Amino acid sequence: MTASSAASTALLDVASLAVTFPAGDGAVRAVDGVSFTVAAGETVCLVGESGCGKSLTALSLLRLVPPPGSIAPGSRIQFEEQDLLTLDDRALRAVRGRRLAMIFQEPMTALNPVLTIGDQVAEVVRVHTTLSRREAWERAVDMLTQVGIADAATRAKQYPHQLSGGMRQRVMIAIALVMSPRLVVADEPTTALDVTIQAQILDLLRTMQQRLGMALLLITHDLGVVAEMADRVLVMYAGRIVEEASVTDLFASPSHPYTEGLLAAVPRLGDERERLQTIPGMVPAPGSLAGGCAFRDRCPHAWDLCAQQEPPLHQVSAAHRARCHLVQEPERRRPATERAVPDARA
Ligand code: SF4
């Protein structure tokens, strides 16, 4: 499929998305020129370290960027052929929760502490349908059952603080899925949970996705989650997408040194290294970049060109792109034994 035909059949088509924050007399770009698509039924993972702009990208899709941040002019977010950035508030509310829903990282802060969980699920149904209070409640109980809440009719009358963390996240999923949306955006949905519950929640998301045929945009810093869930992966760094590939290509042949660094930091069974490799240095703060490749201070392969020119997204293969000069000059790649220590490590 060509890039343009992929875009034309996409459920979600994001183009040149930028999010700016005021700084001094100007503005800094925390998300800068992000473009991607999500097809119906597809799972796309957006991956990167904290502070790389992935959560802001997710919030932009629902127009929930916290002030003083704002989506910059020239950005485009097309969802089911509607431009979300030009909708008025009423039209946007009709999309949010019904066709496009979000699952947040921390259910305790996203749930209303003074409403029962049944009321919170039923409320979504009431906003988007003409069902009676009683019918909406029944739909809520049914959805709570579907997301694995045992004895949902009784649990529905409880408040968030009466539930475990894993159960609260199941409630968040019930709220997101009760209207069978076409796309769910899940921002680190398992980060606050212990490992066993994380696996259960990911399993639940996958099952529900198949049952409802929805697409999933999953934001995560965890490549283990990516390996489990993704069809396609977008790697973000310093507000930009630096690599885009199928999950198979990304794990088999990562092309951006940042992706390689993330993969080297993943523990593997039978791995006898005493310490996992971590990427030296930190994600640069928005506005602190002075041209060139944003990863150069942390990159073991950087050379003069990397400081002079920002690389475009180069095509590695048909569905694989990387924002790195090495794609065109692979002979510059240094073997592990000859890698220079970037200044940022000093
Ligand atoms: Fe490293 Fe240069 Fe590629 Fe940036 S463009 S990731 S500095 S090799």
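Student: What makes the radius of gyration of the chain agree with a compact globule in this predicted model?
Tutor: Take the rule of 2.2 Å times the number of residues to the power 0.38. With 346 residues, a compact globule would come out near 20 Å. The chain has 21 Å, so the two agree. The C-alpha atoms fill a box of roughly 70 × 50 × 45 Å along the principal axes.

Student: What makes a residue of the chain count as buried, and what share is buried?
Tutor: The cut-off is under 20% relative accessible area. Of the 346 residues, 47% are buried. The chain exposes about 16,600 Å², with carbon and sulfur atoms supplying 51% of that area.

Student: How do you know what share of the chain's contacts join residues at least 24 apart?
Tutor: Start with contacts between residues at least 6 apart in sequence. Of these, 63% join residues at least 24 apart. The chain holds 13 helices and 13 strands.

Student: How far apart are the mean positions of the positive and negative charges?
Tutor: Lys and Arg count as positive, Asp and Glu as negative. The chain has 34 positive and 38 negative charges, and their mean positions are 5 Å apart.

Notes. Residues are numbered from 1 along each chain as its sequence is written. This is a predicted model: local features need pLDDT of at least 70, side-chain atom pairs count only at pLDDT 80 or more; totals for chains, interfaces and linings use all residues. Side-chain values use heavy atoms; hydrogens and water are left out. Helices (H or I, at least four residues) and strands (E, at least two) are DSSP runs, numbered from the N terminus. Buried means under 20% relative accessible area, exposed over 50%, partly exposed in between (1.4 Å probe, protein chains only). Contact means heavy atoms within 4.5 Å. Accessible areas come from the Shrake-Rupley method with a 1.4 Å probe; for residues, only the protein chains shown count as cover. The place of a charge is taken as NZ of Lys, CZ of Arg, CG of Asp or CD of Glu.
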